[in-house]
Amino acid sequence: MARKNTRAGHSSALEISSLRASVEGKEIIRGISMRVCPGEIHIVMGPNGSGKSTLACSLIGMPNYKTSGKILLCGEEISGKAMHERSRAGLFIAFQNPPEIESIRNSNLIRQAVLAHGSKESASEFKEKLEGTLGKVGLGSSFYGRPVNYGFSGGEKKKNELAQLLMLKPKFAVLDEVDSGLDIDSVKKAAHIIRECAGSGMGIILITHSPQILKFITPTRVYLLLDGKIAKEGGKELIVQLERSGFAELGEQPIRKRT
Amino acid sequence: MGYFVGDAPYTSFKGNNAMISIPNNRQAFITMRVLYPGSVNIKVGKGARLAFSIISEPVVNEHNIRICADVGKEGMCATTLNLKGSPQHTKLKVRGAAGDSSTLALNYILQHKGMLIGNTSTKAGGRAKISVNALIMPSGCGVADTSVSVAHAGSSSRTEINVAGVLHCDMHSSFKGEIYIPQKARNALASMRGKFMAAPGASVSAVPVLKVHSKDARASHSMAVTSLSEQELNYMCSRGISKEDAIALAEDGLVTAMVNRIADTISSIIESAK
């Protein structure tokens, strides 16, 4: 269903047009279009296997995802760009399952990342900033020197993703289930960080299937993803309907079995 | 053979052979720069402490270093060899013996150009601790053919072999690590860990050997020849880090971890000497 765009054209938006993505020959995303403006929070929900994480990985340009369609970031087409170029252009992804990298310290990875984004901060300025950021997301100072995600609990990995988000300050962020594995206090903290980022002008796509975090966030738009397509979209009322009816019923179509 | 940097207490020379003998319960921190082939014989007395660094920058094409370290009861010794320079061939032979309840660390930072054949063999007495820590990062078209063996001669002895290697194209490294625990070495504990990062064009051969005859000894090994996994690489690229910088970061991490390990063996001697 084409959504009437009543807002004036924003060259500062993240525009996704007719995005299709397949992995190992199987089409997972079957034509998704979205427009996220600075400061907006768009929620993507859907059952397991609906393509939510594939959407995230396609946007950042993971190599084994074959995509077609257009992705425009602030008017610039990034669909053909390599991952590190998309990141430097201002796109960030918080992974659902961040990998453990035993050979690299957390601080070294983040330092290299901020330098790649053009930071001119000194090493001591960076250290002070990162230590403060780790504290803000609920990680102790020991996480500064630990290997990236190595030995971290699931929740700690998610917090580390948020710390990197705060350090890199992208224009747009795709947060893939950043609330999963977090206790209620940490969920509130994560929601606060997301609201703060949006308040500073960051456009956010939040992928989740937990209604908990949505109690603390007022979304601009909510999408129901079913079988690789946007089956329904609306405002916060859609979340209420989802909680009441479930994904399949609200999608008004049977779930296609994948072969 | 070379010359000492700063003070060189308890040392003497006979031609190209240096002798360092630390009396019982004394301590020394010695640095030596080696320019020519030769040998160093080290004797650490009972309860004595020695931190000894050798910087080898030979001015010859055929180089040869022999090191023999003998640590007395309850003594501590950390010997660190930094091999640099570009002789065509280098032979390195190291023997270490740790007396009862003593500690011996044999550390290597191998940054040579050319061919290196190195052999280290050690023996650990009762309750002794031996660690062999090696960082192999040849430059140019360096080749390293190295072997380390540790033998447990007494009960409750502890040994560890730690190797890290960073090899760029056209570099080759073969490493063999051997742990031997005879029946009489009750409650011995031994480990061998190796991690090599090899770029395309480089080659690595890593062979761990465990010979354990004591029924209550514990020995373990892990050897890995690796580069960054695709998942790790993608993660770093998603943060704006290019592939080349990501690999350099991982190599730096491996090198730093081993350098820190070597530094810890030296600082433990300095701490115990206070």
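The structure is a predicted model, in which local features need pLDDT of at least 70, side-chain atom pairs count only at pLDDT 80 or more, and totals for chains, interfaces and linings use all residues. Residues are numbered from 1 along each chain as its sequence is written, while chains are lettered from A and ligands numbered from 1 in the order in which they are written.

Helices (H or I, at least four residues) and strands (E, at least two) are DSSP runs, numbered from the N terminus. Helix α4 of chain A comprises residues 123-137. At 1.5 Å a residue its 15 residues should span 21 Å, in agreement with the 21 Å between its end C-alpha atoms; the expected span is 1.5 Å times one less than the number of residues. A residue is buried if 20 or more other C-beta atoms, placed from the backbone, lie within 10 Å of its own, exposed if 12 or fewer, and partly exposed in between. The buried residues of α4(A) are Leu130(A), Leu134(A) and Val137(A). Seen down the helix axis, these fall within an arc of 70°, so they line one face of α4(A); the arc is that of the directions from the axis to the C-beta atoms. They pack against α3 (106-116), α5 (154-168) and α6 (184-199) of chain A, contact being defined as C-beta atoms, placed from the backbone, within 7 Å. Exposed residues Ser124(A), Glu125(A), Glu128(A) and Gly132(A) are carried on the face turned away from the buried side of α4(A).

Chain A also contains an open, mixed sheet of six strands in the order β6-β9-β10-β3-β11-β12, where two strands pair if DSSP finds at least two bridges between them. Its edge strands, each pairing on one side only, are β6 (91-94) and β12 (229-234). Strand β11 (residues 221-226) runs antiparallel to β12(A) and is joined to it by five bridges; Leu225(A) has Ile230(A) as its bridge partner in β12(A). Helix α7 (residues 237-245) lies across β3, β11 and β12 of chain A, at about 40° to β11(A). Axes are lines fitted to C-alpha atoms, for helices over the stretch in contact, and angles run from 0 to 180 degrees between N-to-C directions.

At the interface, 21 residues of chain A are in contact with 16 residues of chain B. The largest share of the chain A side, five residues, comes from α3(A).

Note on methods:
Two residues are in contact if their C-beta atoms, placed from the backbone, lie within 7 Å.
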